[in-house]
Amino acid sequence: MPDILRACVAAAALFLAGATASAQSYPDKPIRLIVPFPAGGTTDILARTVGQHLTLAWGQPVVIENRPGAGATIGADAVAKARPDGYTLLMGAVHHTIAATYYKHLPYDVQKDLTPVSVVAIVPNVLVVRPDLPVSNVQELIAYAKANPGKLTYASNGAGTAHNLIGEQFKSMTGTDIMHIPYKGSAPALTDLMGGRVTMMFDTVSSCLPYIKAGKLKALAVATSTRSSVLPEVPTLSEAGLKGFDIASWFGVMAPAGTPPAIVEKLSAQIDKDLADPEVRKQLLPLGAEPVGGTPQAMKTRIDTEVRAYGDLMKRAGMQEQ
């Protein structure tokens, strides 16, 4: 064997040995889990659940850091540029696959600069309105919007997010003129919705369920193909006349590109194990969050598929950063 080939083989063996040792000792210090939305929304709730159980499993604290703004892209960019050692993670979401097409000049590439770890949960989206709005179903809302063109507003948790996309799809399918009001996250948007400053909102069931149950919001329909298990009496948009309407929100952990595969696999396996725990499921299911888990490759396939599909949908809806 030539000397140069021997040197390459030896270097590769040393690298693999180092990576294996690093994965075996991981984690040996606190982990940061960045949430790209304010505290209180679904992304934050799921991140804290994941962090709590990783802390219990590994004995190292998982510190939740909220970095909201720009349709969840500020937090994602921070993780994309972080050191790829497994100690800075992102609670990613469907919003990041939508942002890939919506924003003209993103400072990162969701498919190249972030490594999928595991999908944590899928959560239905629900159309909610202020209790004082004189409508009781989707068809009455459409009629009211058409009778008051340009006067209704819908909130979202940021431009270029799933809830913005659902709102524009709703407008397109119903021929209504409703103004979009973007926020930095669900929590401030819901506050303004209940305060009467906006008319309606598409949001994840997990975020608005307590307000629906308390009578502070009216749920008119869910935006998925099947009804939500926690709101079984609420019809789907498809049942309400908007045939084929089906946009759910997923949430999952991601790491910077270049994170050692052994660390990614270790994280994924532990999250999978935690999501199968009856206690974890007991925390998530009442929120309307369906635990998922799965391999990093399965999450990558989901992301690649959605970047293409939602990109096409946004082009048809005329949605892109101006």
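Which helix is the place of threonine 43? That one gets answered in the first close-up below; keep in mind throughout that this is a predicted model.

**View 1. Threonine 43 sits in helix H2.** Helix H2 covers residues 42-58, and threonine 43 has its place there. With a relative accessibility of 4%, threonine 43 counts as buried, since the cut-off for buried is under 20% relative accessible area. Leave out residues up to four places away in sequence, and threonine 43 touches Val35, Pro36, Phe37, Met91 and Phe251. Have a look at alanine 93 too: 50 residues separate it from threonine 43 in sequence, while in space the two are 7.7 Å apart, C-alpha to C-alpha.

**View 2. Five strands make an open sheet.** Read across, the strand order is E7-E6-E8-E5-E9, and the pairing is mixed. Strand E7 (178-182) and strand E9 (218-222) stand at the edges with a single partner strand each, so one side of each has no neighbour in the sheet. On average, neighbouring strands here are turned by 30° against each other, if you ignore direction.

View 3. E5 takes in residues 125-129 and E8 residues 200-204; the two pair in the antiparallel sense over five bridges. To find your way along this pair, look for valine 129, which stands opposite methionine 200 in E8. Helix H8 (residues 205-213) packs on the sheet and touches E5, E8 and E9. The direction of H8 makes about 120° with that of E8.

**View 4. Strand E6 is mostly covered.** Five of the five residues in E6 (residues 152-156) are buried. Leu152, Tyr154 and Ser156 point one way from the strand, while Thr153 and Ala155 point the other way. What does E6 pair with over two bridges? That's E8, in the parallel sense, and here alanine 155 stands opposite methionine 201 in E8.

**View 5. From E6 to E7 by way of a helix.** E6 and E7 run parallel and are joined by five bridges. Serine 156 has proline 182 in E7 as its bridge partner. To get from E6 to E7, the chain crosses through helix H6 (residues 162-174), and this β-α-β crossover is right-handed.

**View 6. Helices H4 and H6 pack against each other.** Two packed helices are described by the angle between their axes and the distance between the axes. For H4 (residues 94-102) and H6, the angle is about 70° and the axes are 8 Å apart. That angle makes H4 roughly perpendicular to H6. On the H4 side, the contact is made by Val94, His95, Ile98 and Tyr102; on the H6 side, by Ala162, His163, Asn164 and Leu165. Sorted by class, the contact has five nonpolar, three polar and no charged residues.

View 7. Setting aside neighbours within four places in sequence, threonine 161 is in contact with Gly71, His95, Ile98 and Ser156. Some of these names have come up already: His95 and Ile98 belong to the H4 side of the contact with H6, and Ser156 is one of the buried residues of E6.

Key: Residues are numbered from 1 along each chain as its sequence is written. This is a predicted model: local features need pLDDT of at least 70, side-chain atom pairs count only at pLDDT 80 or more; totals for chains, interfaces and linings use all residues. Side-chain values use heavy atoms; hydrogens and water are left out. Two strands pair if DSSP finds at least two bridges between them. Helices (H or I, at least four residues) and strands (E, at least two) are DSSP runs, numbered from the N terminus. Axes are lines fitted to C-alpha atoms, for helices over the stretch in contact, and angles run from 0 to 180 degrees between N-to-C directions. Contact means heavy atoms within 4.5 Å. Buried means under 20% relative accessible area, exposed over 50%, partly exposed in between (1.4 Å probe, protein chains only). A crossover is right-handed if, with the strands pointing away from the viewer, the path from the first strand over the helix to the second runs clockwise. Angles under 35 degrees count as roughly parallel, over 145 as roughly antiparallel, 65 to 115 as roughly perpendicular and the rest as oblique. Ala, Val, Leu, Ile, Met, Phe, Trp, Tyr, Cys and Pro count as nonpolar, Asp, Glu, Lys and Arg as charged, and the others, Gly among them, as polar.
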